[in-house]
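Me: I'd like to go through this model with you, one question at a time. Shall we start with the aromatic residues and then turn to the strands?

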Amino acid sequence: MTLHWVPATERADLLADPVARAVRELPGLAEVAEIDPELADTAAFCERYGVGMDESANCVVVAARRGGETRYAACMVLATMRVDVNGVVRKHLEARKASFAPMAEAVELTGMEYGGITPLGLPADWPILVDARVAEHPRVVVGSGLRRSKLAVAGSTLAGLKGAEVLALANDA
C-alpha cells in the first residue's frame with residue numbers, strides 16, 4: 001500500500017489540535033498521509049507502507065527529575081536508533097534522574113495520542129532534543145499527533161523548531 005501525501009495545512013482533520021496549530025506556522029513544510037491506525041507503531045507502519053526504518057523518526061517524551069521538580073523534553077531519533085536517556089539526555093537536562101514519561105502522562109501533557117506524539121505542537125517550554133542524524137535527514141516520517149496519520153518533514157524543519165537543540169543523543173538499536 002502506498003501513502004498519499006498532501007500538504008498538512010489541507011488536511012487538519014488528520015492532525016491532533018496542537019499539531020494543526022503548529023503546522024499553520026510552517027506552511028508548505030509538512031505533508032500528511034492517512035494510515036491504518038492499527039499500523040501506527042513504527043515497525044508495523046514501515047513494513048506495511050514500504051518506508052525504511054532509517055526514514056522514520058520517533059518522538060519520545062522524557063521526564064527529567066531534580067530536586068523534586070519534574071521537567072519534560074521530547075527526543076527525536078531515527079527508528080533505527082535508541083535514545084540514551086540515562087546518559088546524554090539526563091546530563092543535557094541537568095537532571096538527577098531521567099526516564100521515559102508514563103504513557104498516560106505523555107498523552108495528557110501533549111494533547112496527542114500515544115503512538116502519534118510528534119515534536120510539532122508540544123508545550124512551548126519543552127526542550128526538543130533532535131538527534132543529529134534526524135536533523136541532517138532530507139525527509140523523515142514522524143507522528144501527526146494521531147494514530148491514523150503520519151507527517152513527513154525535513155530534518156532541518158525539526159531542528160529549526162522553537163526550543164530545538166541538535167545533539168548526538170542516540171545509539172544503534
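This is a predicted model: local features need pLDDT of at least 70, side-chain atom pairs count only at pLDDT 80 or more; totals for chains, interfaces and linings use all residues.

Me: Is Trp126 buried or exposed, and at what relative accessibility?
Reply: Residues are numbered from 1 along each chain as its sequence is written, and side-chain values use heavy atoms, with hydrogens and water left out. Buried means under 20% relative accessible area, exposed over 50%, and partly exposed in between (1.4 Å probe, protein chains only). Trp126 therefore counts as buried, at 6%.

Me: How many aromatic pairs does a search of the whole structure find, and what is the pair of Phe45 and Tyr49: stacked or tilted?
Reply: Rings of Phe, Tyr and Trp (its six-membered ring) pair if their centres lie within 6.5 Å; planes under 30 degrees apart count as stacked, over 60 as edge-to-face and the rest as tilted. The search finds 2 aromatic pairs. For Phe45 and Tyr49, the centres are 5.3 Å apart and the planes at 35 degrees, so this pair is tilted.

Me: Which aromatic residue pairs with Trp126?
Reply: The pair is stacked, with 5.5 Å from centre to centre and 25 degrees between the planes. Trp126 is in the loop between helix H4 (103-110) and strand E7 (128-131), and its partner lies in strand E4 (residues 69-78), so the pair ties together parts that are 54 residues apart in sequence.

Me: Which residue has its charged end over the ring of Phe45?
Reply: A charge sits over a ring if NZ of Lys or CZ of Arg is within 6 Å of the ring centre and within 35 degrees of the ring normal. Here the charged end is 5.0 Å from the centre of the ring. The residue is Lys150.

Me: Which strands stand at the edges of the open sheet of 4 strands?
Reply: Strands (E, at least two residues) and helices (H or I, at least four) are DSSP runs, numbered from the N terminus, and two strands pair if DSSP finds at least two bridges between them. The order is E1-E2-E9-E8, with antiparallel pairing. Two strands have a single partner each, so one side of each is left without a neighbour in the sheet: E1 (6-7) and E8 (140-143).

Me: In E7, what is the bridge partner of Met76?
Reply: E4 and E7 run parallel and are joined by 3 bridges. Within E7, Met76 has as its bridge partner Val130.
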